[in-house]
Amino acid sequence: MEVPDVPARSSPTGRDAVCPTVAACWICSRPVARFEPYGVPPRIGRCPHCGAKPRSRALHRLVRDRIGPRLAAGDRVLEIGPSRFSTDHVIGSNLFAPARCVAVDVQRQRHHRRLGAWGRFVEASAAMLAFADASFDFILCNNTLPYVREDRRALTEIARCLERDGLAMIDTHRGPGGATRTADAYRREHPGLGEEWFAANGDAWVYGEDFLDRVREAGLEPVEIELFPDHPPDFFTANGLKPRVRALFASRQPAGLHRFFGPGKATHPGIESSLDLNLSVSPLLQRRRNNA
Ligand SMILES: [Zn+2]
């Protein structure tokens with residue numbers, strides 16, 4: 001599958017405006033002089049006011065500035081396994097509006113009640129989605145697959161339920177080098193890791209780069225999008241981000257990537273044009289694909 005050209009910068013202006021000495025949290029808008037440590041092992045990046053972690057802030061920004069503005073009334077969004085953050089700040093904050101959202105999880109949790117007017121909850125396994133073929137324009141499956149034992153079936157279901165010009169975000173941690181292992185095998189290899197680590201990173205799979213093979217076997221073409229690829233180091237420090245912010249997407253056809261990341265206008269007037277999201281397709285992933 002050919003990867004369509006994606007402009008290196010969707011909006012080249014405003015770079016200075018997003019590089020303050022003291023950043024404001026992208027979720028709660030409060031100024032943050034210093035982000036807090038979080039996770040195992042601890043790393044800096046949690047907002048001291050609202051608790052949002054770096055990945056959550058990046059997801060919020062990506063959906064608000066790019067995904068939502070390219071959706072239209074009548075479009076449909078599926079989120080598989082929404083976290084409390086996503087329930088409250090992504091679907092619940094209407095970032096996909098005017099599209100309608102469905103959230104699925106194996107079990108209804110308390111926070112799912114807060115999905116709001118834009119989302120409804122369906123109890124379902126990621127490996128058996130109770131929806132017709134090509135039902136969704138955008139599918140969000142953010143750090144969920146490491147918890148799904150039947151992850152290959154889940155990827156096949158994502159491909160089946162995605163529109164031909166739809167796009168899925170299937171981001172997950174992938175260890176550099178090394179092959180995918182079950183969480184049980186990883187636990188035996190790393191006896192020092194506590195259950196807290198597996199709760200935060202996945203209790204079914206620990207993925208290597210070969211995760212991308214699973215994506216392709218399901219009939220999807222993976223593409224990595226890098227946010228803020230040209231921003232100076234100060235920007236990442238001030239905003240409590242890792243030095244590179246990347247997210248993995250997949251589509252059935254190049255049209256899916258074009259629709260959300262190609263040149264073009266938002267389907268409804270909004271925030272997109274005023275922001276410097278500054279996206280690019282990861283050269284690393286393109287190189288891997290070309291060598292394949
Ligand atoms: Zn905050």
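What percentage of the 292 residues of the protein chain count as buried? In this predicted model, 39% of the residues do so, a residue being buried if 20 or more other C-beta atoms lie within 10 Å of its own, exposed if 12 or fewer, and partly exposed in between, with C-beta atoms placed from the backbone. Because the model is predicted, local features need pLDDT of at least 70 and side-chain atom pairs count only at pLDDT 80 or more, whereas totals for chains, interfaces and linings use all residues. Residues are numbered from 1 along each chain as its sequence is written.

The secondary structure comprises nine helices and 15 strands, taken as DSSP runs (H or I of at least four residues for helices, E of at least two for strands) and numbered from the N terminus.

Backbone geometry was then examined in the loops. Between helix 2 (84-91) and strand 6 (100-105) lies Pro-98, and the peptide bond from Ala-97 to Pro-98 is cis, with omega near 15°. Asn-94, in the loop between helix 2 and strand 6, has a positive phi near 65° and is partly exposed, with 16 other C-beta atoms within 10 Å. Ser-29, in the loop between strand 1 (23-24) and strand 2 (31-32), has a positive phi of about 65° although it is not a glycine.
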